[in-house]
Amino acid sequence: MASLATYSPIHYTPPRWACNSIPALPRKASFSTGTAPGVVASSRAYAKFEKFQTAQSFGDDNEQEEEKEEDDSCLPSDLEGAVRQSAQATVEFVSSGGTRAIVELLIPQLKFLDNEGAQIELWEMSRVFLDTIVSETSGQRVKAIFPDAGAAAMLKHQWKDAAFTFSSLGDRKPVSSEDEIVVMVVPDYQMLEYVEKIASEVSDDPPRPLIMWNPSLVSEDVGVGINVRRLRRNFLSTFTTVYSMKPLPSGAVFRCYPALWKVFYDDKERPNRYLLAEEFIRRPDPEELEIIFTGQDKSENETSLLDQAASIFSSLNRFMKAISR
């Protein structure tokens, strides 16, 4: 992993705590799919993520009333809203007694740190997450652990008003006995040994919550042996994914604790809208997703491979533009 200490100064803007308005949505006819064990079928219509860009004013009182009745608040209004929502889900998990949580926003600009702008946005969003954790836990002592000492030092210098403390994965003692909640920011698979060591330390009596924010701990590199991959997966299985957002070519997978996992697909009759296909009590596997989207494809007229490819890239591009605003 490239050094993270070369980033430009960050001008942090406090998060907007007020949620944006979401248009009222009518109910939609049921989408028929085979329902596997652990699946809850649903037919509710949801506004597509790219519709959640800016707050909108509605002059019609009836529309406002419909909005309250429909209550599609599970979908975030924008990227900052998603980060804030993920922190609130994390706090609810911790409040219920949970100690190991994963938050994953599987969005390219938060996963591929190959340019300065992406790095700055990553740190800005991590601050929104950390500030929300502090606010929602009534000021508990939160330790933020960054990937390397350079990044931790830079951000500590930039965020002098932070209500949380800083350390890095490679520090001799990254966690102290005073820390009540520990948040690892984008831990990388190359630092897995340090991650596991910290996880073991905070598990001691009394156990303290450990949250991994957008981790990348699984590598499919050819040089990684099967046993190593198994150990990594076994370690990750001790965590609960409390928040997940993953765009797909023609839909999305979404989870916000304590709600179920939700699979959305494009509403072909209403551009920029999603339909809720199914709900799962655990993360849907690739085969289940294939069944859902294959079933949807069969209900449409056949299209050429070129048209299908264009549709895939168009859908992903629209999703990314919307959620990044």
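Trp123, Phe146, Trp159, Phe164 and Phe166 form one aromatic cluster, where rings of Phe, Tyr and Trp (its six-membered ring) pair if their centres lie within 6.5 Å, and planes under 30 degrees apart count as stacked, over 60 as edge-to-face and the rest as tilted. The structure is a predicted model, in which local features need pLDDT of at least 70 and side-chain atom pairs count only at pLDDT 80 or more, while totals for chains, interfaces and linings use all residues. Residues are numbered from 1 along each chain as its sequence is written, and side-chain values use heavy atoms, with hydrogens and water left out.

Across the whole structure, ten aromatic pairs are found. In one of these, the ring centres of Phe93 and Tyr257 are 5.4 Å apart and the planes stand at 90 degrees, so the pair is edge-to-face. Because Phe93 belongs to helix 2 (residues 79-95) and Tyr257 to the loop between strand 9 (251-256) and strand 10 (261-266), this pair ties together parts that are 164 residues apart in sequence; helices (H or I, at least four residues) and strands (E, at least two) are DSSP runs, numbered from the N terminus. Phe93 is buried at 8% relative accessibility, and Tyr257 is buried at 18%, buried meaning under 20% relative accessible area, exposed over 50% and partly exposed in between (1.4 Å probe, protein chains only). The rings of Tyr243 and Phe254, with centres 5.5 Å apart and planes at 85 degrees, also form an edge-to-face pair, and both residues are buried.

The largest pocket holds about 780 Å³ of space; on a 1 Å grid over the protein atoms alone, a pocket is an open set of points where a 1.4 Å probe fits, with protein on both sides within 12 Å along at least five of seven lines, and lining residues have an atom within 4 Å of a point. Of its 24 lining residues, the closest to the centre are Glu104, Leu106, Val218, Leu236 and Arg283. Two or more lining residues come from each of strand 3 (100-105), helix 6 (226-236), strand 8 (240-248) and helix 7 (286-298), and the largest share, four residues, is that of strand 8.

In helix 6, Arg232, Phe235 and Leu236 are buried. Seen down the helix axis, the buried residues of helix 6 fall within an arc of 100 degrees (taken from the directions from the axis to the C-beta atoms), so they line one face of the helix. The face turned away from this buried side carries the exposed residues Ile226, Asn227 and Leu231.

How values were computed. Points joined across faces, edges and corners; volume = space filled by probe spheres on them.
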